[in-house]
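Hi everyone, thanks for coming. I'd like to walk you through one structure today, so please have a look at it with me.

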Amino acid sequence: MTVRLYDSRAQAVRDFVPLRSGEVGMYVCGPTVQSSPHIGHLRSALVYDLWRRWLAYRGYAVTLVRNVTDIDDKVLANATESEPWWALAYRVELEFTAAYSALGILPPTYEPRATASIPGMQQLIDELIERGHAYSAEDGTGDVYFDVRSWGDYGALTRQSLDDMSESGDAPTRGKRDPRDFALWKGRKDDEPASASWASPWGDGRPGWHIECSAMSRRYLGTAFDIHGGGLDLRFPHHENELAQSSAAGDAFASYWVHNGLVAIEGQKMSKSLGNSIYAAEFLGSARGIAIRYYLASAHYRSTIDYHDGSLAEAEAAIDRIETFLARAERRTAGTRWAGSGTGVVPEEFGAAMDDDLGVPQALAVLHERVRAGNVALDADDVDQVARIHGEVSAMTEVLGVHPSQWPVAASGGDTALGALVERMLGDRAAARQAKDYATADRIREELTAAGITIEDTPDGAHWSIA
Ligand SMILES: [Zn+2]
């Protein structure tokens with residue numbers, strides 16, 4: 001029962017051994033809150049939500065830190081006269097929070113904002129200067145750069161030598177010793193608002209992006225922690241630079257590096273310039289949250305998801321099958337004693353799949369096999385078997401965050417309206433039967449059947465589901 005995970009730094013699947021027995025410290029790079037969340041952001045957050053839930057299921061006390069980058073070139077660029085950068089950042093942060101919540105993604109243990117951790121960043125920069133790995137720009141701009149040539153291990157994460165690397169993306173290049181040096185501190189420019197700068201030993205300015213994560217992980221998880229996560233697109237330069245800064249400052253930093261795959265749209269990389277981004281608001285409106293969560297979780301976390309029209313239909317059908325089985329099983333076993341010992345425990349094959357680098361696709365195959373077996377048991381009226389499988393299916397769906405009880409009963413206005421209508425018709429049918437008007441009762445049942453609603457009569461009344 002050892003959890004194994006693909007460590008991108010080692011480029012191998014490794015047994016997970018925590019630094020402190022029974023505990024996991026996990027840092028995940030959160031969004032830069034410059035514009036509305038898109039489907040790729042949701043997938044990334046969901047991946048670490050699944051890791052967190054699985055590690056917790058395996059008995060670990062998980063501390064998950066996911067930051068908010070609320071100060072950045074892009075945040076400043078998107079601010080307007082009527083909406084200053086900090087108001088924009090907060091508005092977008094709330095959009096992210098709402099989108100995460102709509103997908104059942106649990107809030108992280110801590111969610112630090114970069115602007116609330118500036119002293120820790122300055123401390124780290126100071127240590128790097130002390131150790132000879134950073135320097136103040138010689139042109140008086142107030143910039144401070146990491147000196148990549150001073151750190152022999154630069155490139156260790158992505159296995160690149162310095163000669164293969166292009167210039168850092170900082171623009172413009174001001175007073176650098178080497179074009180590949182990257183900014184730890186950015187001196188205030190004349191056209192930037194005073195509210196976006198902080199006093200420092202090197203002059204007023206603001207932190208570079210990479211230093212934020214090194215400082216926030218240190219503050220909330222310590223100088224050594226277990227897992228660092230983020231999207232595959234962040235490996236270079238962002239994660240490479242985080243690793244260089246933290247190691248050069250003497251921190252052990254992350255024991256394991258985990259990277260999630262991206263989301264493509266009809267085979268194409270999603271990008272602003274292609275105009276093919278699917279934003280969370282549009283995406284979340286296209287199906288129930290539980291089905292969208294299932295859809296995004298169902299691919300292996302390291303693979304690319306290729307989204308296209310109709311992608312969600314299969315997920316909807318899968319969720320329907322699970323819900324229908326659980327509802328039938330609950331009705332059949334209500335009032336009976338639970339039999340078997342499987343209640344609340346996932347089947348062994350499911351656990352083995354999840355332990356093996358979070359093998360959700362294989363785990364879902366086990367889940368659907370159990371649902372099928374459960375339906376067979378229901379048809380055979382084998383109540384003990386139904387109860388046992390009900391327990392297993394509940395445990396599997398709970399750990400994946402797709403158990404119906406974890407979701408609001410009526411997830412959309414459509415569901416509410418349909419539910420009210422069907423309940424009303426079932427009430428009329430019950431009244432007709434009570435009055436021995438069987439012709440009317442049968443007619444109502446036929447109408448519902450014709451509309452694709454299946455009715456199941458039980459001792460405690462009629463129950464319905466969508467066929
Ligand atoms: Zn980061």
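Which residues are the protein donors of the zinc ion? They are Cys29 (SG), Cys213 (SG), His238 (NE2) and Glu242 (OE), and they lie 2.1 to 2.2 Å from the zinc ion. By donors I mean N, O and S atoms within 2.8 Å of the metal (3.2 Å for Na, K and Ca); water is not among the atoms, so sites may look incomplete.

Before we go on, a word on where this comes from. This is a predicted model, in which local features need pLDDT of at least 70, side-chain atom pairs count only at pLDDT 80 or more, and totals for chains, interfaces and linings use all residues. Residues are numbered from 1 along each chain as its sequence is written, and side-chain values use heavy atoms, with hydrogens and water left out.

Along the chain, its donors follow the spacing C-x183-C-x24-H-x3-E. Cysteine 213 sits in helix H5 (residues 209–221) and histidine 238 in helix H6 (residues 235–248), so this pair links parts of the chain that are 25 residues apart. Helices here are DSSP runs (H or I, at least four residues), strands are runs of E (at least two), and both are numbered from the N terminus. Both cysteine 213 and histidine 238 are buried, where buried means under 20% relative accessible area, exposed means over 50%, and partly exposed is in between (1.4 Å probe, protein chains only).

What about the angles? The 4 donor atoms subtend angles of 78 to 128 degrees around the zinc ion, which makes the arrangement irregular. Four donors count as tetrahedral if all angles lie between 85 and 135 degrees; four count as square planar and six as octahedral if opposite donors are over 155 degrees apart and all others between 65 and 115; anything else is irregular.

Now, the rings. Rings of Phe, Tyr and Trp (its six-membered ring) pair if their centres lie within 6.5 Å; planes under 30 degrees apart count as stacked, over 60 as edge-to-face and the rest as tilted. The count comes to 16 aromatic pairs. One of them is the tilted pair of phenylalanine 16 and tyrosine 256, with 5.4 Å centre to centre and 50 degrees between the planes. Phenylalanine 16 is in the loop between strands S2 and S3, while tyrosine 256 is in strand S10, 240 residues apart. Both phenylalanine 16 and tyrosine 256 are buried. Tryptophan 85 and tryptophan 198 form an edge-to-face pair, 6.4 Å centre to centre, with 70 degrees between the planes. Phe16, Tyr60 and Tyr256 form one aromatic cluster.

Let's finish with a sheet. It is open, with 4 strands in the order S5-S6-S7-S8 and antiparallel pairing; two strands pair if DSSP finds at least two bridges between them. S5 and S8 stand at the edges with a single partner strand each, so one side of each is left without a neighbour in the sheet. S5 is joined to S6 by 3 bridges, and serine 136 stands opposite valine 144 in S6. Valine 144 in turn stands opposite tryptophan 185 in S7.

Is S7 enclosed or open to the outside? 6 of the 6 residues of S7 are buried, so S7 is largely enclosed by the rest of the structure. On its way to S8, S7 pairs over 3 bridges, with glycine 187 opposite glycine 205 in S8.
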